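Okay, thanks for coming, everyone. Let me put the structure up, and then I'll walk you through a few spots in it.

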Amino acid sequence: MPKFLVQRWHGMHIVWALVLIFILIVVLTWYEWVLGLLGLVLGGVVGAYGIMAERAFRKDFNDYVLTLSHRIKSVGNDVIGNLPFGIVVFNEDREIQWHNAFTSSIVGKSSIVGEQLAAYFPALQQPIKDKETTLETSISGRTYELMVKPHERIMYFWDVTERWTLKKKYEEEKLALGIVMMDNLEEVAQGMDEQQRALMLSKVTGEINEWALKNGLFLRRLSSDRYMVIANLASLKQLEQSRFELLDEVREITLDQKLPMTLSIGFAAGIDNVIELGHLVQGSLDIALGRGGDQAVVKVGQRQSFYGGKSNAVEKRTRVRARVISHALRDLIKESDNLIIMGHKMPDMDAIGAAIGVVKAAQLYGKEAFIVLEGINPAIQKMMEMMKEDERLMKLFVPPEQALALTHKRTLAVVVDTHRATMVAEPKILQATERIVIVDHHRRSEEFIDDAVLVYMEPYASSTCELVTELLQYIHDRVALDVREATALLAGITVDTKSFALRTGSRTFEAASFLRRNGADSVLIQRMLKEDLEEYIRKAEIIRHAEIYKECIAIAVADAGKPVQQLLIAQAADTLLNMTGMKASFVVGMRPDGQVGISARSLGQINVQVVMEQLGGGGHFTNAAAQAQGTVGEVAGKLRKVLKDLEEGEGLFI
């Protein structure tokens with residue numbers, strides 16, 4: 001018996017009781033010794049009986065405790081063995097040392113002691129972390145949650161099939177909203193009579209309705225060229241698996257038209273707030289349109305996916321948007337104290353030329369304007385040599401630190417030739433002002449300057465200089481460019497179109513004509529574009545080591561030990577594309593700044609923008625680029641993997 005129990009029930013109070021009896025006997029003996037003797041005999045009997053009773057109590061108590069321990073141990077073993085969840089004990093080698101009966105019933109064997117843990121629990125094939133880990137695995141068609149405690153080398157698992165099924169059903173039934181838009185209806189229908197237009201719309205509408213019916217979508221027409229789609233997440237996943245085949249089907253049934261009809265689709269899901277979901281749907285559609293149309297953009301939570309994009313952007317035949325944007329830009333210039341114009345890091349002639357055009361617009365209304373420029377790279381070196389001949393033009397260029405000091409709340413920041421905040425010459429300027437304007441001709445990427453007050457993005461345009469030239473024609477009644485200003489704008493168009501050979505439309509030549517009328521010097525442009533003999537030899541060396549992929553794609557990797565300018569990488573890609581039988585070209589090289597540059601070119605049968613986006617870059621349908629970290633060999637390996645994955649997915653070629 002525990003000592004504290006002995007003290008509690010047989011403590012000092014018993015001793016004091018016996019002492020009291022003894023004193024009473026002594027007193028009694030003093031008065032009557034016969035009675036005292038009798039009391040002494042009776043006290044001795046009581047004392048002996050107490051001792052014997054105490055011994056018997058301790059023996060019975062110990063026997064009871066032993067019996068109770070045995071019963072508890074037996075019940076405990078029975079409970080652990082028949083718990084409604086599994087318990088597995090394993091050793092350092094992840095071999096099973098013990099398991100309960102529930103484990104046997106799940107794996108279908110009476111004993112799996114001595115076998116490897118991963119043989120019965122596939123989720124544990126990967127190394128186990130040092131801290132407590134919770135995993136999910138599937139055994140015999142049911143889902144189990146595992147809780148592994150590496151330090152104790154014990155694992156608990158229980159059946160969560162019903163919970164997992166309910167969770168999956170909840171996720172699949174989440175609301176998904178979409179918008180389907182005929183993105184070039186006006187261009188396709190121009191010149192058609194009412195009967196032809198109605199017949200074409202009937203074909204396209206029928207195809208859209210059939211697509212919605214097949215995929216279980218609720219479709220509601222909002223206007224002549226726009227539909228709203230209500231679906232759930234399960235239906236949206238099905239559409240993504242089919243890679244939005246509706247895009248190809250509509251394009252194919254309208255191939256007999258001069259311009260085939262194309263669709264732009266925006267979808268959003270994964271958010272419970274319907275209002276926010278509606279904003280995300282419109283944002284997805286805007287991205288699809290900003291990337292040139294004929295594609296679908298899906299936003300699910302933080303994930304954004306792109307599908308389609310097999311058609312080049314169609315040139316708009318009307319200049320209404322250019323006029324509206326120019327008037328809005330004019331009002332913003334008038335309301336601002338000054339202008340800060342900046343292009344992307346490592347600017348090219350298109351960025352510098354467009355910036356000079358925007359400065360001219362500001363000067364027409366008496367506003368002070370500056371261009372952010374950090375150093376001169378080889379792509380603009382000869383253009384800047386031309387600028388140095390005019391001191392007035394050179395004063396326009398300021399370093400990023402000075403530009404940031406000139407920026408305040410009423411400064412108008414104009415971003416040209418890019419729409420990504422991380423690519424601008426000085427990102428801090430965007431936080432220093434509340435007025436941002438974007439003028440760009442690239443296809444819209446996932447990263448975007450969201451707080452811009454005016455956005456003019458037209459992927460069909462050959463260059464940003466073309467867009468700025470059109471804006472100049474409407475922004476003021478009397479626009480007079482001097483020779484260097486007009487030449488800079490025309491040089492940007494010339495470089496981006498490869499001397500008017502690629503991505504040129506009627507509006508490109510109209511812009512070039514306007515610049516020529518204002519004194520643009522084509523001979524001066526040719527002097528800017530002349531190549532250095534040493535650089536030409538280096539470019540030839542890069543081309544000499546080109547490999548041919550799929551018989552029509554050239555991939556060239558520059559020597560990792562010799563840094564290459566981005567301009568030279570781009571020129572090598574242009575030259576490779578001109579080789580017989582080539583549909584696309586990719587050139588990878590280490591730049592002087594330590595990053596690996598990639599230039600991609602195509603003739604329109606491969607969307608190189610999609611390829612470059614997989615590597616963190618972007619660009620146009622036929623002209624794109626990216627910068628990546630790592631070695632030249634690693635980046636070239638990633639490029640080949642992306643090409644392989646795209647080929648196995650929706651296909652490389654259009």
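**Salt bridges, sheets and cores**

So, the count of salt bridges comes to 29, where a salt bridge is a side-chain nitrogen of Lys or Arg within 4 Å of a carboxyl oxygen of Asp or Glu. Before I go on: this is a predicted model, so local features need pLDDT of at least 70 and side-chain atom pairs count only at pLDDT 80 or more, while totals for chains, interfaces and linings use all residues. Residues are numbered from 1 along each chain as its sequence is written, and side-chain values use heavy atoms, with hydrogens and water left out.

Let's take helix H24, residues 632–648. Helices here are DSSP runs of H or I with at least four residues, strands are E runs of at least two, and both are numbered from the N terminus. Arg640 makes a salt bridge to Glu547, at 3.1 Å from N to O. Arg640 sits in H24 and Glu547 in strand S18 (residues 547–549), so this pair ties together parts that are 93 residues apart in sequence. On accessibility, Arg640 is partly exposed at 28% relative accessible area, and Glu547 is partly exposed at 46%. For the cut-offs, buried is under 20% relative accessible area, exposed is over 50%, and partly exposed is in between, with a 1.4 Å probe and protein chains only.

Then there's Glu647 with Lys550, a salt bridge of 3.0 Å, N to O. Glu647 is in H24 as well, and Lys550 is in the loop between S18 and strand S19 (553–557), so here the parts tied together are 97 residues apart in sequence. Glu647 comes out partly exposed at 30%.

What is the phi of Lys550? The value is near 60°, positive in a residue other than glycine. As background, most residues other than glycine have a negative phi. Lys550 has a relative accessible area of 42%, which counts as partly exposed. Another one to look at is Arg153, with a positive phi near 50°, in the loop between strand S4 (142–149) and strand S5 (154–159). Arg153 is partly exposed too, at 32% relative accessibility.

Glu115 and Lys109 form a salt bridge with the closest N and O atoms 3.8 Å apart. And there's a salt-bridge network that links Lys360, Asp390, Arg392, Asp482 and Glu485.

Val298 has Ser305 in S11 as its bridge partner. The hairpin of S10 and S11 has two residues between the strands, and there Gly301 takes a positive phi near 65°.

Now the inside. The largest nonpolar core has 58 residues, and Leu339, Ile341 and Leu515 touch the most other members. A core here is a set of buried Ala, Val, Leu, Ile, Met, Phe, Trp, Tyr and Cys residues joined through side-chain atoms within 4.5 Å. Helix H12 (residues 349–364) gives the most to this core, nine residues. Apart from this core lies another, of 34 residues, including Ala189 and Tyr307.

Last stop, Asn623, which lies in strand S23 (residues 623–628). Is Asn623 buried or exposed? Asn623 is buried, at 15% relative accessible area. The Asn623 side chain has a polar contact of 2.8 Å with the side chain of Arg601; a polar contact is an N or O pair within 3.5 Å and, within protein, one atom must be able to donate a hydrogen and the other to accept it, with residues adjacent in sequence counting only if both atoms are side-chain atoms. Leaving aside neighbours within four places in sequence, Asn623 has contacts (heavy atoms within 4.5 Å) that include Lys498, Arg503 and Val608.

Notes. Pairing = 2+ DSSP bridges.
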